[in-house]
Amino acid sequence: MATLICPEEHSPVTDAEAIRKACKGWGTDEKALISILGHRNASQRKIIRKTYEEMYNEDLVKRLESELSGHFEKAVYRWMLDPQERDAVILHVAIKEKPILDYTSIVELSCIYSPRDFLSVKCAYQARYKLSLEEDLAQHCTGDLRKLLVSVVGIYRYAGDEMDAKLAKYEADVIYSAIKSKEFNHEEIVRIITTRSKTQLRATLNRYKDDYTSSLTKHLRDDGEKTANAFLGALRTAIRCSTYDPQAYYEKVIRHALTKSGTDEESVTRVIVSRAEKDLEVIKELYYKRNSVSLDHAVSKHTSGDYMDFLLTLLGNKN
């Protein structure tokens with residue numbers, strides 16, 4: 001269930017004129033921009049971009065980039081992109097993160113999306129950045145982390161519901177044997193986590209927990225170097241994204257982003273902007289059940305200004 005509130009019909013010409021007016025003169029009228037763009041779905045925004053360019057011979061996204069700033073600019077910029085293009089940008093930003101790339105966003109998209117949907121994102125990445133996602137990723141990480149991430153973005157998983165119980169038992173034992181020997185980077189663990197269908201992987205991990213009285217994610221913890229922890233963190237994220245319900249996963253992401261020391265605006269923006277037209281209403285309900293406070297309230301408490309107003313608009317806040 002989406003939270004986005006938008007009209008069934010709108011005039012792209014009127015919208016383009018209003019946006020142009022909001023961006024002219026002394027100072028930008030951010031409230032006017034939010035009132036328009038925060039209430040238009042992806043297809044409507046695409047038409048507005050096209051109409052604006054035809055009317056004013058100017059790229060609307062670039063104009064908004066020059067007019068806005070900070071977290072508000074980043075949120076609006078991503079909102080205005082086509083969904084696949086937005087995801088490509090998220091991946092690119094994650095890969096360029098220093099000193100270690102942001103594996104969370106990379107694993108998140110590759111494991112939560114269907115194989116077909118993620119392939120569309122990879123095509124958008126290649127078109128935008130003129131190289132493959134795998135190629136770019138391999139250039140920006142090394143060792144076990146590179147092996148894991150290149151594998152997880154490169155595979156086209158089987159998406160069916162078939163499950164082999166004997167295979168689940170066998171592979172649970174294989175994983176435990178490696179864990180018992182502290183071989184967290186064992187090639188069989190990486191192979192199973194990155195190539196098995198979600199249905200088969202859930203069966204294997206359930207069998208692992210039944211037979212060895214603990215979840216695999218709890219066993220995949222070690223006090224090592226930061227890069228080693230990045231590998232294990234990415235592996236745990238791949239397990240969660242492949243086996244959790246997406247809404248439960250995103251609730252956890254935004255909860256941590258809003259409760260940790262200092263708000264993680266990157267994660268807050270990613271979840272709200274990317275899920276507002278999909279299932280953000282469900283994520284909001286899960287957030288309230290878990291925290292006994294609304295997501296709207298939490299966002300208003302931990303963000304401010306036009307950035308806050310824009311996020312609350314996407315959350316369906318009518319005030």
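Buried, in this talk, means under 20% relative accessible area, exposed means over 50%, and partly exposed is in between, with a 1.4 Å probe and protein chains only. This is a predicted model: local features need pLDDT of at least 70, side-chain atom pairs count only at pLDDT 80 or more, and totals for chains, interfaces and linings use all residues. Residues are numbered from 1 along each chain as its sequence is written, and side-chain values use heavy atoms, with hydrogens and water left out.

Let's start with helix H4, residues 60-67. Helices here are DSSP runs of H or I, at least four residues, numbered from the N terminus. Which residues of H4 are buried? Leu-60, Val-61, Arg-63 and Leu-64. They sit on the same side of H4, because they cover an arc of only 160° around the axis. That arc is taken from the directions from the helix axis to the C-beta atoms. Lys-62 and Ser-66 are exposed, on the other side of H4. The buried residues pack against H1, H2, helix H3 (42-56) and helix H5 (70-80). At the start of H4, a side-chain oxygen of Asp-59 comes within 2.8 Å of the backbone nitrogen of Val-61.

Next, the core. A nonpolar core is a set of buried Ala, Val, Leu, Ile, Met, Phe, Trp, Tyr and Cys residues joined through side-chain atoms within 4.5 Å. The largest one has 98 residues. Ile-19, Leu-64, Ile-106, Leu-149, Leu-216 and Ile-272 touch the most other members. Helix H15, residues 226-243, gives the most to this core: eight residues. Take Ile-106. Beyond its neighbours within four places in sequence, its contacts (heavy atoms within 4.5 Å) include Leu-91, Leu-137, Leu-149 and Val-153.

Now the annotated sites. An unreviewed UniProt entry lists Gly-25, Gly-27, Glu-67, Lys-260 and Gly-262 under "binding site". Such annotations may be inferred rather than shown by experiment. Gly-27 is in the loop between helix H1 (12-22) and helix H2 (30-37). Is Gly-27 buried or exposed? Exposed, because its relative accessibility is 52%. Gly-262 is in the loop between helix H16 (246-259) and helix H17 (265-275).

Thr-303 is also listed as "binding site" in the unreviewed UniProt entry. Its loop runs between helix H19 (295-302) and helix H20 (305-314). Thr-303 counts as buried, because its relative accessibility is 9%. Leaving aside neighbours within four places in sequence, Thr-303 contacts Met-308 and Leu-311. A polar atom of the Thr-303 side chain lies 2.5 Å from the backbone oxygen of Val-299.

Terms used
Helix = DSSP H or I, 4+ residues; strand = E, 2+ residues; numbered from the N terminus. Polar contact = N/O pair within 3.5 Å; in protein donor to acceptor, adjacent residues only side chain to side chain.
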